[in-house]
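Please read them alongside the sequence and the coordinates.

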Amino acid sequence: MRTTGVYMKGIGVFRPRTESVGEAVERGLVTRYAADASGITAVAVAGDVSPPESALIAAQQALKGSGLSADDIGLLLCTGVWHQGPDGWGPQYHLQRHLLGDDLLAVELRHGCNGTFSAMELAVPYLRSAPHIGGALITASDNFGTPLIDRWNPGEGLAYLGDGAGAVVLGTSRGFAEVLSLCTASFSAMEEVHRAGEPLFPPGATTATFLDYGARAARFQQKATDDGTWIQLLLGHQKHNVKCVSQALHEAGVEASDIKTVVTHSMPRQAAASYLKILGFSLERSTWEFSRTTGHLGAGDHLAALHHLLSTGKTGPGDHLLLCGSSPGVTYKAAVIRILDTAAFTDQEARPDGL
């Protein structure tokens with residue numbers, strides 16, 4: 001989707017204090033071999049701070065930086081990967097009560113690690129069709145410190161899971177960055193990779209079933225190897241990834257060489273290098289050096305990394321950034337933004353308490 005006249009107006013983050021991977025090794029939570037292979041050095045751990053509470057902190061920052069008021073926000077989309085609070089309740093209500101009020105559309109959006117991208121895609125036509133609305137607020141928040149998942153062992157090839165939140169305000173008046181394109185691709189032939197061996201009903205969360213993505217992926221790979229489709233699936237996976245990013249670059253009117261930095265999900269070093277190589281980029285042109293200090297923040301990786309680039313002066317006016325990633329489905333997302341103004345972010349790097 002080629003976007004025109006849509007801007008990022010404000011951004012906020014909640015970054016909890018981090019626990020070093022070295023400490024996790026000493027505590028027996030992860031092996032030294034796995035830690036060294038991952039290249040990840042620290043993971044953000046929020047303790048008992050809930051996802052809605054961390055989302056509120058990030059949203060307050062984003063709204064303040066946007067120059068808009070709560071009354072200007074006409075759409076609230078809350079995303080996350082893990083459980084947000086009590087079953088039968090949505091985190092959007094917490095943000096409505098404590099920040100925005102009731103006169104807007106507020107929805108929880110569940111689209112895995114790509115939830116922020118999907119929220120942006122939905123917000124763009126909403127803003128265009130309702131010119132009286134000043135902005136849309138998107139949040140992404142998670143806390144993986146719960147019994148049914150192990151942040152230190154989510155599955156082979158996956159990053160350790162970090163907690164935190166990010167928020168962004170989109171609008172149709174000039175902001176700190178312009179959104180040039182937003183693209184999606186899907187490869188449903190691989191939808192089973194994240195559920196292999198698990199029943200569709202009853203849901204695992206209702207039967208206290210531990211989530212082990214590694215075991216599921218291994219079962220899927222073994223099945224695909226046995227029936228001779230594994231190589232075909234891998235090639236299809238790469239094809240869809242490249243297609244999505246290529247489309248985003250084309251619709252933004254830029255070349256790969258025009259991209260200053262690639263903003264990705266947090267991944268182990270080898271996985272990140274392979275992913276970027278397929279897309280035609282090096283690890284050094286990405287935000288991996290930052291994400292290795294936080295762990296995988298669910299749907300919040302890109303917002304946290306973008307805030308880091310802005311606040312540390314690693315990006316500036318005129319820079320083009322590529323934001324991209326994939327998530328269960330399998331879905332692929334890519335967006336190109338152009339940085340317009342970073343003056344407001346000078347010396348605003350998030351402290352480890354997120355405040």
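1. To what number does the count of aromatic pairs come? The count comes to 3 aromatic pairs, where rings of Phe, Tyr and Trp (its six-membered ring) pair if their centres lie within 6.5 Å, and planes under 30 degrees apart count as stacked, over 60 as edge-to-face and the rest as tilted. One of them joins Trp-152 and Tyr-160: the ring centres are 5.3 Å apart and the planes stand at 55°, so this pair is tilted. Trp-152 and Tyr-160 are both buried (under 20% relative accessible area; exposed is over 50%, partly exposed in between, with a 1.4 Å probe and protein chains only).

2. On provenance: this is a predicted model, in which local features need pLDDT of at least 70 and side-chain atom pairs count only at pLDDT 80 or more, while totals for chains, interfaces and linings use all residues. Residues are numbered from 1 along each chain as its sequence is written, and side-chain values use heavy atoms, with hydrogens and water left out.

3. Another aromatic pair, Phe-220 with Trp-230, is edge-to-face, at 6.4 Å centre to centre with 70° between the planes. Phe-220 belongs to helix α6 (residues 213-226) and Trp-230 to helix α7, 10 residues apart. Helices (H or I, at least four residues) and strands (E, at least two) are DSSP runs, numbered from the N terminus. Phe-220 has a relative accessible area of 5% and is therefore buried; Trp-230, at 18%, also counts as buried.

4. The sheet is open and has 9 strands in the order β5-β4-β6-β7-β1-β8-β11-β10-β9, with mixed pairing; two strands pair if DSSP finds at least two bridges between them. The edges are β5 (105-109) and β9 (259-263), each with a single partner strand, so one side of each has no neighbour in the sheet. From one strand to the next the twist averages 25°. Axes here are lines fitted to C-alpha atoms, for helices over the stretch in contact, and angles run from 0 to 180 degrees between N-to-C directions.

5. Strand β1 (residues 7-14) pairs with β7 (residues 164-171) in the antiparallel sense over 7 bridges, and Phe-14 has Ala-165 as its bridge partner in β7. The pairing of β1 with β8 is antiparallel over 2 bridges, with Glu-178 in β8 as the partner of Tyr-7. Between β8 and β11 there are 9 bridges, again in the antiparallel sense, and Ser-181 stands opposite Val-336 in β11. In β8, 8 of 10 residues are buried.

6. Helix α3 (residues 51-66) lies across β1, β4 (73-79), β6 (135-142) and β7, at about 140° to β1. Helix α7 (residues 230-252) packs on the sheet and touches β8 (177-186), β9, β10 (320-327) and β11 (331-339), its direction making about 150° with that of β8. Contact means heavy atoms within 4.5 Å.

7. Helix α10 (residues 301-311) has 11 of its 11 residues buried, including His-302, His-307 and His-308. Gly-313, which follows α10, has a positive phi near 75°.

8. Arg-110 sits in the loop between β5 and α5 (115-129) and, at 43% relative accessibility, counts as partly exposed. Leaving out residues up to four places away in sequence, Arg-110 touches Gly-80, Val-81, Trp-82, His-83 and Gln-84. The Arg-110 side chain reaches the backbone oxygen of Gly-80 at 3.3 Å, and one of its polar atoms lies 3.1 Å from the backbone oxygen of Val-81.

Key: Polar contact = N/O pair within 3.5 Å; in protein donor to acceptor, adjacent residues only side chain to side chain.
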